[in-house]
Amino acid sequence: MATLSIKDVRKAYGSVQVLHGIDIELEDGGFLVLLGPSGCGKSILLNMIAGLDDTSGGDILIGGRSVVDLAPKDRNIAMVFQSYALYPTMSVARNIGFGLEMRGVDADKRKRAVEDAARLLQISHLLDRRPANLSGGQRQRVAMGRAIVRDPELFLFDEPLSNLDAKLRVEMRTEIKRLHERLGTSIVYVTHDQIEAMTLGTKVAVMKGGYIQQLADPRTIYERPANMFVASFIGSPAMNFLPGQVVRDADGVRFEASGVSIALLAGNPAEISERPVILGMRPEELKVAARDQASVTGVIDVVEPTGPETMVTVQVGDRSVTARVPPRFAGQRNDAIFLTVDPASINLFDPDTEQRIDI
Amino acid sequence: MIESKRHRRMIANIGTYVVLVSLSVFCIGPMIWMFLTSLKYEADIVTQTMQYIPSRITFDNYVAIWTQSGFPRLISNSLVVTLLTVTICVVTGTLAAYAFSRFAFRGRDQLMLGYLVVRMFPAVMMIIPLYVVMRGVGLVDSRFGLALAYTSFLLPLFVWMLKGFFDSAPKELESAARIDGSTRLGAMVRIVMPLARNGLVASSVFIAIAAWNEFLFALMLTTGQGSRTWPVGLQLMVGEFQLPWGVLAAGGILSIIPVIVLFAIVQRTMVQGLTAGAVKG
């Protein structure tokens, strides 16, 4: 049974439609990431799951029970907010235990539950403090403690790491993943950070303009993006796009553009027509090769060593292409460079609809 | 060069103090004068030459006003009216301010504007229609009626002030509380009110003082001893041929004592509340 089912959920403010028929199923113990740029509707969707916002249509089921008419407190969920939303007038212990207090759990039991949660999150020494006297990372832990102490059916995370500095963010990301694996409770997690989405999610919904662009596991989203928006939103540096033409010759089907000629692996070559397309290649799939094996030929524009790898910006025809090459790359600006790309790794998109073309 | 700079700064400082001290004297002077007058014998008040510091001190004026003029009744009426006003404002105003701060509903902005517009009309303009209404519902010459009249012009102020404090309390806190098991009202009482406590105290003291000192409405809407408040009572002691200066001054001093005591108790909270509102809007 799915922990969370979102069925044709819509949201409109007056005549402005902000969510258009969202459908998502999350399996028991799954980790759903709602990913998208700001204004894509991901936070509104999360608030509707929480019951903080009303739906304008559709149904939301948690544990098989429709919750759209229930108050937030009756949905058996817990939420971690971007600002942590710790109650400033209460101690850490009371903050964590507040949900149990509201539910009439007696003091002894509450105390034990709070201490267990605090131990799990390594904040036992902070229980008597006020939120104002905690660091960002500690507040984050308290906010998570408040969520897990209730042992709900579903956790909701609203961009929980975006107020932390870079180092702490990586740490807490690992912590959240560990927590999820340990507790096994389903999670819905909102973020605009593609790395968080890739590392944490078992399922990622990429959203834009109130629509789900793609709903799949992170691997599929990365390797087989449904359209050019998903392709460019996921991955850093971003996927390279080259407009060109599918052509047919004696050897089979090829992609041709200025400086580029790649044999396509087509399941059924007879079905592919000659047409204009946009080629998508991940930077790490481009490899330096000998001149006679090259499928992409260009001139080096910029070389950027980052330590573990080097980014090379290559001028191909009138387009710029980024390749991620090994760290000790020797090429220099204005050198000619020859690259190959694994035909299995490339994606083709329709130039008009920007949708992926399956070959 | 440095010398002249220091010199200039000293002159500026002296100038600042001169302005400050003279304004203070201007503001506090009458009160001190009233206090000194209240301690004088009647004969020492109206004299050929001005006598600033009383040569003889007496508390007769205080005894006189307390025992002979029904002053305790006036004070207790004022207390009741003030308490009623504050209670009505706190109960209804808090809910209203919270609604204005948190909910987007049709006519919200117009209503807020309407509250401001009410404050723009002078009290004299409203008093006749208000009197007619009060007479119609039989609330003329009652303490409750007077409290309602005060509420009519103090509530908008209270709501506007408190809305600012509610606005500055993060909404996510209530969302968290609602998920944790509170109702909306519960979240307001448990989470938002403690945060807005200073603002609540400041706004309440503000309207309490306004209600305590109010004169015009009280004059028009009260006719008998049963509901008359102290400002009106004091005014009525001014006779056609006789002005009991000493007794009036004693009454004035007695009347501002509650305000001073209240202020002393809450001043720290109130100043915090007022400045918080000022900075965060």
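Predicted model: local features only at pLDDT ≥ 70, side-chain atom pairs only at ≥ 80, totals over all residues.
Helix α13 of chain B, residues 245-280, has the lowest confidence in the chain, with a mean of 79. At the other end stands helix α4 of chain B, residues 71-102, where confidence is highest, at 94. For chain B as a whole, the mean pLDDT is 88, and 96% of its residues reach 70 or more. For the complex, the predictor gives an ipTM of 0.83 and a pTM of 0.81.

Let me stay with α4(B) and turn to its packing. Which residues of α4(B) meet α10(B)? They are Ser78(B), Val81(B), Thr82(B), Thr85(B), Val86(B), Cys89(B) and Val90(B). Facing them in α10(B) are Ser204(B), Ile207(B), Ala208(B), Ala211(B) and Trp212(B). By class, the residues of this contact comprise 8 nonpolar and 4 polar, with no charged. As for geometry, helix α10 of chain B spans residues 197-213, and its axis comes within 9 Å of that of α4(B), the two crossing at roughly 145°. The crossing of α4(B) past α10(B) is right-handed.

I move now to the contact between the chains. Chain A contributes 17 residues and chain B contributes 13 residues. On the side of chain A that touches chain B, β6 (77-80) and α2 (92-102) of chain A each supply at least two residues. That side of chain A divides into 12 nonpolar, 3 polar and 2 charged residues.

Within chain A, the domain assignment gives domain 1 as 4-233 and domain 2 as 242-357. Their C-alpha centres lie 39 Å apart. The contact between these domains takes 7 residues from domain 1 of chain A and 7 residues from domain 2 of chain A. On the domain 1 side, the residues are 5 nonpolar, 1 polar and 1 charged.

Finally, the strands. How many bridges join β11(A) to β14(A)? Strand β11 of chain A, residues 240-249, and strand β14 of chain A, residues 275-281, run antiparallel and are joined by 7 bridges. One of the pairings sets Pro243(A) against Ile278(A) in β14(A). β11(A) also pairs with strand β12 of chain A, residues 252-257, in the antiparallel sense over 5 bridges. Here Val247(A) has Arg254(A) in β12(A) as its bridge partner. A hairpin through 2 residues joins β11(A) to β12(A).

Terms used
Residues numbered from 1 in each chain as written. Chains lettered and ligands numbered in written order. pLDDT = per-residue confidence, 0-100. Helix = DSSP H or I, 4+ residues; strand = E, 2+ residues; numbered from the N terminus. Contact = placed C-beta atoms within 7 Å. Nonpolar A, V, L, I, M, F, W, Y, C, P; charged D, E, K, R; others polar. Axes fitted to C-alpha atoms, helices over the stretch in contact; angles between N-to-C directions. Left-handed = near helix turned anticlockwise from the far one by under 90°. Domains from an automatic or database assignment. Pairing = 2+ DSSP bridges.
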